[in-house]
Amino acid sequence: MTRAAAVYAEALYDLAKDEALGTRIFDEIKALDKAFEAEKDFLRLLSTPNLSLEERLSIIDKSFRGKLHAYTLNFLKLLTEKGYVLKFHECAGAYRDLYNEDNGILPVRVVTAEPLDEKQALRLKVRLGAITGKVVELIQQVDPACLGGIRLDYDGKRVEDTVAGRLEAVRKTLKNTVL
């Protein structure tokens, strides 16, 4: 993440938090980030030098005025004015990190060979919540290469209990064994 993205996200988060709008702005930032991910050309349009700044700001107004809170709308305009609109995804990530930290939310990436059913996901959330003392947000990822078991990535840690992980550990042990 660039320093600029972190600074802009922190400024927006502090403002939203002071006005008790942290969740609303977070929801809007998430929705915009998802939309911009699907329509990458929109951010490129907002950064093109072929259009004047006034035209680009007008596009933002026509697209989002009345649909977004003024803080979110002005944030998008500010990023456009300062030439950082292509860093929106990084800003959204930085905002998410601040929001999660303040609200005791721990995103956990769960990698399995098959999707977890609702009951399994709920049990995992409850168990991890009890261990970490935080509200767990599961981000499920299916990777047939793990063969079975589960891998958890959270808070800069990895808990590996997959068949592929166990096989790799055996391979390393055998490789380092002197006969």
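Visitor: Which residue in E2 does Val108 stand opposite?

Guide: In a regular strand, side chains alternate between the two faces of the sheet. In this predicted model, Val108 stands opposite Leu138 in E2. E1 and E2 run parallel and are joined by eight bridges.

Visitor: Is strand E1 (residues 105–112) largely enclosed or open?

Guide: Count its buried residues. In E1, six of the eight residues are buried, so the strand is largely enclosed by the rest of the structure.

Visitor: How should I read the largest nonpolar core, and which of its residues touch the most other members?

Guide: Nonpolar side chains in soluble globular proteins tend to be buried together. Here the largest nonpolar core has 32 residues, and those touching the most other members are Phe36, Phe64, Phe75, Phe88 and Tyr95. At least two residues of this core come from each of helix H1 (3–18), helix H2 (22–38), helix H3 (40–47), helix H4 (53–64), helix H5 (70–82) and helix H6 (88–102). The most come from H1, which gives seven.

Visitor: With which residues is Phe36 in contact, leaving aside its neighbours within four places in sequence?

Guide: Phe36 is in contact with Phe42, Leu43, Phe64, Leu76 and Phe88. Another core, of 11 residues, lies apart from the largest one; Ala121, Leu124, Val136 and Leu152 are among its members.

Visitor: Now backbone angles. What is phi of Ala20 near?

Guide: Most residues other than glycine have a negative phi. Ala20 has a positive value, near 60°. Ala20 sits in the loop between H1 and H2 and is exposed, at 70% relative accessible area.

Visitor: Where is Asp155 found, and is Asp155 buried or exposed?

Guide: Asp155 is in the loop between E3 and strand E4 (157–162). Its relative accessible area is 53%, so Asp155 is exposed. Phi of Asp155 is near 50°, again a positive value in a residue other than glycine.

Technical notes:
Residues numbered from 1 in each chain as written. Predicted model: local features only at pLDDT ≥ 70, side-chain atom pairs only at ≥ 80, totals over all residues. Heavy atoms only, no water. Core = buried A, V, L, I, M, F, W, Y, C linked by side-chain atoms within 4.5 Å. Buried < 20%, exposed > 50% of the residue type's maximum accessible area, 1.4 Å probe, protein only. Helix = DSSP H or I, 4+ residues; strand = E, 2+ residues; numbered from the N terminus. Contact = heavy atoms within 4.5 Å. Pairing = 2+ DSSP bridges.
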